[in-house]
Amino acid sequence: MKPEKIVVFTGAGVSAESGLNTFRDSGGLWENFRIEDVATPEAWARDPQLVLDFYNLRRKALESVEPNPAHFAIAELEKEHEVVVITQNVDDLHERGGSSKIIHLHGSLLEVKSSIDPTYKIPYPKEGLSLDHRCPRGGRMRPDIVWFGEAVENFEIAIEQLQQADKVLVIGTSLSVYPAAGLVHEAPAHAEKTIIALDLDFIPDDYRFIHGTAGEQVPKLTAEWLEKG
Ligand code: OAD
């Protein structure tokens, strides 16, 4: 059996069946918040308490969800293949599903960082993040999330990984937020490219589209890849 390099690129749809809502399926609102009110540097400057309320809820929600069959199936591919997961998600369900190489593009709900020194990070406080949490230099702590208008993290590393892929599997992303969405075009011509989602406005060139839920379709596909080798 020939091990391959498989790059899995995920968005909110991979976590939907775990009980975490996707962004664009909820009528422009994200858990009843408008994105521009909670996920931008301007929102943080204008009303930091609202931003913290929003992310404290997102962090709390993580405690009551579990990885679904899609997360587990992706991790299982590691038995025979080299697998790298690139995710736009800020949850930790790939980690808990057993994947070992995970690149987060949009940050993580597991930590908070200083607003004046982003290298200073601590675990997300159990009781929730408040305006009183400060870094040693006195700066306010904020969620370790990439907001709209901020630079995506690990982008160069993600491009490099995609360029080396034998297979690319894109799951549960509307491909509407750039620059992350542009990564699908980084895969080499010879790579086998598949995208699994419910609705998509467009299917990138060279990609095979599998319509369906991640929890159902991902395990089917990965089982084929493990059997065929
Ligand atoms: P979206 O909410 O834009 O898209 C979710 C995609 O998942 C859609 O294509 C759905 O059809 C699909 N989907 C929904 N349920 C599914 C299921 N059970 N199985 C498979 N697919 C399903 O989410 P993203 O593309 O991840 O950014 O959004 C990208 C970024 O926009 C996020 O990372 C976030 C957001 O605003 C930041 O917070 C910076």
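Analyst: By the pairing rule, the count here comes to 4 aromatic pairs. Rings of Phe, Tyr and Trp (its six-membered ring) pair if their centres lie within 6.5 Å; planes under 30 degrees apart count as stacked, over 60 as edge-to-face and the rest as tilted. One of the pairs is Trp44 with Trp147, which is tilted, at 5.8 Å centre to centre and 45° between the planes. The pair joins distant parts of the chain, 103 residues apart: Trp44 belongs to helix α3 (residues 41-46), and Trp147 to the loop between β8 (141-145) and α7 (155-163). Helices (H or I, at least four residues) and strands (E, at least two) are DSSP runs, numbered from the N terminus. This is a predicted model, in which local features need pLDDT of at least 70 and side-chain atom pairs pLDDT 80 or more, while totals for chains, interfaces and linings use all residues. Residues are numbered from 1 along each chain as its sequence is written, and side-chain values use heavy atoms, leaving out hydrogens and water.

User: Why does Trp147 count as buried?

Analyst: Buried means under 20% relative accessible area, exposed over 50%, and partly exposed in between (1.4 Å probe, protein chains only). Trp147 counts as buried because its relative accessibility is 2%. Trp44, at 13%, is buried too.

User: Why is the pair of Phe54 and Tyr55 edge-to-face?

Analyst: A pair of aromatic rings is described by the distance of the centres and the angle of the planes. For Phe54 and Tyr55 the centres are 4.8 Å apart and the planes are at 80°, so the pair is edge-to-face. Phe54 is buried at 0% relative accessibility. Phe33, Trp44, Phe54, Tyr55 and Trp147 form one aromatic cluster.

User: Which charged end sits over the ring of Trp147?

Analyst: A charge sits over a ring if NZ of Lys or CZ of Arg is within 6 Å of the ring centre and within 35 degrees of the ring normal. The charged end of Arg142 sits over Trp147, 3.7 Å from the ring centre. Elsewhere, Lys167 lies over the face of Trp225, at 5.1 Å from the ring centre.
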